[in-house]
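I opened this model to look at how its strands pair. Then I turned to its surface charge.

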Amino acid sequence: MTDGDELAREGRISIRLMRDDPADYNLMVRWRNQPHVAELWDPDDPPFTYERAMEKYGPRTRGESPTTSCFIQLDDRPVGYIQCYLWSAYRAEADALGVPEDPDAWGIDVFLGEADLLSTGTGTRAISLMLRFLFALRDASLVALVTFVGNHRAIRAYEKCGFHKVRIVKDTETIGGEYPDCWLMVAERPSGIMHGP
């Protein structure tokens, strides 16, 4: 791994940029087809393929998209996925979800691809690390996300990281053809974190 790949590190957890590389695309295919991921991440889509991985994530790895795709690593082994983006790049979706209209509002989405790491604190540590990166190095004023109201494990993890529930909203993606209820959750920049590097 080159130094330029890594965005943040703390202890055994690191976050690195996803690469335009067959190994990373193959990992995404495996993870996206894991039952615990597929049931919550675009569940109405057909099984995820290598071609779809290249189509969806290739532009992100090459800097051609406003979304930055990253891998969560435990002891330098990829174990999950986390992406971040300015909500202003997705204003229509942000408006539909009720995300505050703030030019420095960021969004994240995350999953652990390895089922054996669920409920081990790995996801919580990775989310906290990404938040610190966004607040300290990307000048985020707040980070907003949505999560299904029934995804209690994710809600607990987000709350441990400083997110709070704002309101219930309809997701912009469907499950079984229906738009499910989600919590809009927001974490504000802690007062002790200054803008810029």
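I count two strands as paired if DSSP finds at least two bridges between them. The model is predicted.

**Hairpin.** I started with β3 and β4. They form a hairpin with two residues between them. In the turn, I found Asp-75 with a positive phi of about 50 degrees. β3 covers residues 68-74, runs antiparallel to β4 and is joined to it by seven bridges. I looked up individual partners. Ile-72 faces Gly-80 of β4, and Phe-71 has Tyr-81 as its bridge partner.

On the β3 side I checked β2, residues 13-17. Five bridges join β2 to β3, and the two run antiparallel. Ser-14 sits opposite Gln-73 there.

**Burial.** I took buried as under 20% relative accessible area. β4 spans residues 77-86, and eight of its 10 residues are buried, so the strand is largely enclosed by the rest of the structure. In β3, six of the seven residues are buried, so β3 too is largely enclosed.

**Surface charge.** Asp-44, Asp-45, Glu-93 and Glu-173 form it. Is Asp-44 buried, partly exposed or exposed? Its relative accessible area is 37%, so I logged Asp-44 as partly exposed.

Technical notes:
Residues numbered from 1 in each chain as written. Predicted model: local features only at pLDDT ≥ 70, side-chain atom pairs only at ≥ 80, totals over all residues. Heavy atoms only, no water. Patch = residues over 30% accessible without salt bridge, like charges linked within 9 Å, V, L, I, M, F, W, Y side chains within 5 Å. Areas by Shrake-Rupley, 256 points an atom, 1.4 Å probe, with all protein chains shown as cover. Salt bridge = Lys/Arg side-chain N within 4 Å of Asp/Glu carboxyl O. Lys, Arg positive; Asp, Glu negative; His and termini not counted. Charge placed at Lys NZ, Arg CZ, Asp CG, Glu CD. Buried < 20%, exposed > 50% of the residue type's maximum accessible area, 1.4 Å probe, protein only. Helix = DSSP H or I, 4+ residues; strand = E, 2+ residues; numbered from the N terminus.
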